[in-house]
Amino acid sequence: MKINIACPATGQQKLIEIEDEVKLQNLYGNRIAQEVEGSVLGSEFTGYTFRISGGNDKQGFPMRQGILTNTRVRILCAKGQKTYRPRRAGERKRKSVRGAIVGHDIAVLNLVVVRRGEGEVPGLTDEPVPRRLGPKRANKIRALFNLSRSDDVRKYVITRTFTNKKGREIKKSPKIQRLVTPLTLQRKRAHRAAKLRSVLKNQQEALEYKKILAQRLAEKREVRRSMISKRRSTRKSAKETAE
């Protein structure tokens, strides 16, 4: 079985292969998200604690959290679930996945270092790998450099220098997201003012419409009143003529 160990603190990964069935017996029966002692993998990992984060079997089917079996099963997957990407709206599909319990058929098991031991492991904890890209969101940059709200975040953006195909050195920095600047505040004020103008305009138009509607109704009533009075006068004159 291949064991892929990752250390988030240093950003390094190490792949080891264990053929000894006695060592592997200590891993069988454990589930995803459970912790195992590093000493079961070898003396170099004494004092370390690992968390099982996943894996796949010999045919390449990935382990799925929540499926409490050590075999492969077919489950009905929908949008938002792992190991499935719907091609149409509302589509569901039955997919084969491996259960979350470690067994003999696992080819690769992924582990994450939770607690480090006293000794350094070459290729895993000895040399930190620097992050190629820094944080992009304004609040995350503030948290990284312990800045206050009054500090200018744009001065602390992590830039990287590289040589392009033409042989020129270029500096690149990310566009800061959720950065509050005078321009964004101006746009916010303009948007709010436009919204207020729209509300006032709608209210004014509603008042004018009500006036026109009341005027039309009054005109209709006047026309109906005049028609009724004409009919009455016509009937009265006809009655007088008959008498």
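Guide: Start with Phe145, which sits in helix 2, residues 138–145. Keep in mind that this is a predicted model.

Visitor: Why is Phe145 called partly exposed?

Guide: Its relative accessible area is 36%. Buried means under 20% and exposed means over 50%, with partly exposed in between. The value of 36% makes Phe145 partly exposed.

Visitor: What makes Phe145 and Tyr156 an aromatic pair, and of which kind?

Guide: Their ring centres are 5.6 Å apart. Pairing needs centres within 6.5 Å. The planes of Phe145 and Tyr156 stand at 40°. Stacked is under 30 degrees, edge-to-face is over 60, and the rest are tilted. So the pair of Phe145 and Tyr156 is tilted.

Visitor: Why is this pair said to tie parts together?

Guide: Phe145 is in helix 2, while Tyr156 is in the loop between helix 2 and strand 8 (160–163). The pair therefore ties together parts that are 11 residues apart in sequence.

Visitor: Is Tyr156 buried, exposed or partly exposed, and how do you know?

Guide: Tyr156 has 33% relative accessibility, so it counts as partly exposed.

Visitor: Which residues form the nonpolar patch on the surface?

Guide: Leu144, Phe145, Tyr156 and Ile158 form it. Together they have about 340 Å² of accessible area. A patch residue needs over 30% relative accessible area. Phe145 has 36%, and Tyr156 has 33%.

Visitor: Now the inside. What makes the pair of Phe45 and Phe50 edge-to-face?

Guide: The ring centres of Phe45 and Phe50 are 5.6 Å apart, and the planes are at 75°. Edge-to-face takes over 60 degrees, so the label holds for Phe45 and Phe50. Both residues are buried. With Tyr48, they form one aromatic cluster. The count of aromatic pairs comes to 4.

Visitor: Which residues have the most contacts inside the largest nonpolar core?

Guide: They are Ile3, Ile5, Leu41, Phe45, Phe50 and Leu109, in a core of 25 residues. Strand 1 (2–7), strand 4 (49–57) and strand 7 (106–115) each give two or more residues to this core. Strand 7 gives the most, with 4 residues.

Visitor: What does Leu41 touch?

Guide: Leaving out residues up to four places away in sequence, Leu41 touches Ile3, Ile5, Ile18, Lys23, Leu27, Phe50 and Leu111.

Visitor: Which residues does the second core include?

Guide: Among them are Ile141, Val157, Ile176 and Leu179. This core is separate and has 6 residues.

Methods
Residues numbered from 1 in each chain as written. Predicted model: local features only at pLDDT ≥ 70, side-chain atom pairs only at ≥ 80, totals over all residues. Heavy atoms only, no water. Patch = residues over 30% accessible without salt bridge, like charges linked within 9 Å, V, L, I, M, F, W, Y side chains within 5 Å. Areas by Shrake-Rupley, 256 points an atom, 1.4 Å probe, with all protein chains shown as cover. Salt bridge = Lys/Arg side-chain N within 4 Å of Asp/Glu carboxyl O. Buried < 20%, exposed > 50% of the residue type's maximum accessible area, 1.4 Å probe, protein only. Core = buried A, V, L, I, M, F, W, Y, C linked by side-chain atoms within 4.5 Å. Contact = heavy atoms within 4.5 Å. Phe/Tyr/Trp six-rings, centres within 6.5 Å; stacked < 30°, edge-to-face > 60°.
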